[in-house]
Amino acid sequence: MQNIILATRGSDLALTQTRMVAQALRNAHDGIEVEELIIKTSGDIRQDLKLSEFAKGENPVVDKGIFTKELEVALVEKRAHAAVHSLKDVPTLLDETFCIAAVLPRAPVSDVALLKPNGPATLAELPHGAKVATSSVRRQCFLKSLYPHLEFTEIRGNVPTRIRKLIEQDFQAILLASAGLARLYGDSFLQNHRLTFEGKDLPVEILDPQVFLPAASQGAVAIEVLSGNPTVKDLISTINDHPTFRQITAERAFLDALSAGCDTPVGALSQINPDGTLRLKVAVFENNHSTTPLRAEGTCAEGEEMDLGQRLFHELSA
C-alpha cells in the first residue's frame, strides 16, 4: 500500500495523535502517503450530555462507543483504512469485524490537577467546598475518597476548552490526563509543575498513579482496522509498540471481565518489571457514591496478560 487514510476525531488532541501515527507510518514505510478523514462522533456532537447520561433515557446512545462508532462506520464503508483513537475511549469488547492492529508507545499515565493562576498549587490546599471539574466518574470517586473536603462539577469539551473554562468560570481546578497535556503542550510541566496557556501560568499537580489510579489504557493511542483486511492490518502492525500492547492487554482484560463502561468507576495501572514480568494494580468503586474502592494486584509472565486481568476480577468478585 502506498496510500492510507486515517479516520480521526477533529479535536486538537485527536489530530495530534493521528499525526503521530502518520509519522510513525512514514518512518516505517518509505514513500507512503497518509491522509486524514475527520469525523464527528456522537460524543463530540452531544456536548449537552454528561458522559454517564449517554446510556440513559428512552432512546439511549450506547456508551461503549460514543467516541468511536462513527469512525468504525467509516472503516466498514471503506472511506478510511484505519481509525485512530485514544484507547481508553475504545470499548473493551470489540465487534469481531474490528481489531486493534497497533498501539503507539505509551505517554505518562498519571492524572493531573490543573489549578487557577495565582492560586493554590495542590488539591489539598484548596479551601473546603472548592469545586473541581471533571466528567469522569472514576476521577470523581477518587476525588471524594482522597479529598473529601472538595466538591466536583461536570465539564465537557476538548482540552483547550476545558482549560479556558477553568480560567473563566467559578471552579478552582480541573482533572485531566497528563498524556493529553504532554502531547499538546510538551512534557515540561511534569518537572516544572506549571503550564503556560494563552499567556496564563497555571499550577499543575501530578497525581500519584499508584494511589489515584488512571483509567485503563490511559496514555495509549490505538489504531483500529477491519479484521478481514490483512493487508492493512499487517501494514499497521509494523508500528506496534510491544511493551505498551502487553500493558493494555492486561488492563483491558480486567475491564472486559468487569463489563465496564464509561460510567464504571474503575482504575488500572500496569508496569513491566526489569525481569520481564508484568504487574497490574486495579481499583473499583462499587458505585458512583462509594468512597472506598476494592483493590487487587498481581503479576504475570509474558503471554499471560489476559489471564492476569481476568484473575484479578475473580479475586475482587470472591
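Two strands pair if DSSP finds at least two bridges between them, and strands (E, at least two residues) and helices (H or I, at least four) are DSSP runs numbered from the N terminus. This is a predicted model, so to speak: local features need pLDDT of at least 70, side-chain atom pairs count only at pLDDT 80 or more, and totals for chains, interfaces and linings use all residues. Residues are numbered from 1 along each chain as its sequence is written, and side-chain values use heavy atoms, leaving out hydrogens and water.

**View 1. Strand E11 and its two antiparallel partners, E3 and E4.** Strand E3 (residues 82-86) joins E11 through 4 bridges, with Ala83 sitting opposite Glu224. Strand E4 (residues 98-103) pairs with E11 over 5 bridges; here Cys99 has Val225 as its bridge partner.

**View 2. E11, tucked in.** Strand E11 (residues 221-226) has 6 of its 6 residues buried, so the rest of the structure largely encloses it. Buried means under 20% relative accessible area, exposed over 50%, and partly exposed in between (1.4 Å probe, protein chains only).

**View 3. The buried side of helix H8.** In H8 (residues 230-237), Val232, Leu235 and Ile236 are buried. They span an arc of only 95° around the axis, so they lie on the same side of H8; the arc is taken from the directions from the helix axis to the C-beta atoms. Their cover includes strand E1 (3-8), helix H1 (12-28), E3, E4 and E11, where contact means heavy atoms within 4.5 Å.

**View 4. Two buried cysteines, Cys141 and Cys300.** Cys141 has a relative accessible area of 0%, and Cys300 comes in at 5%.
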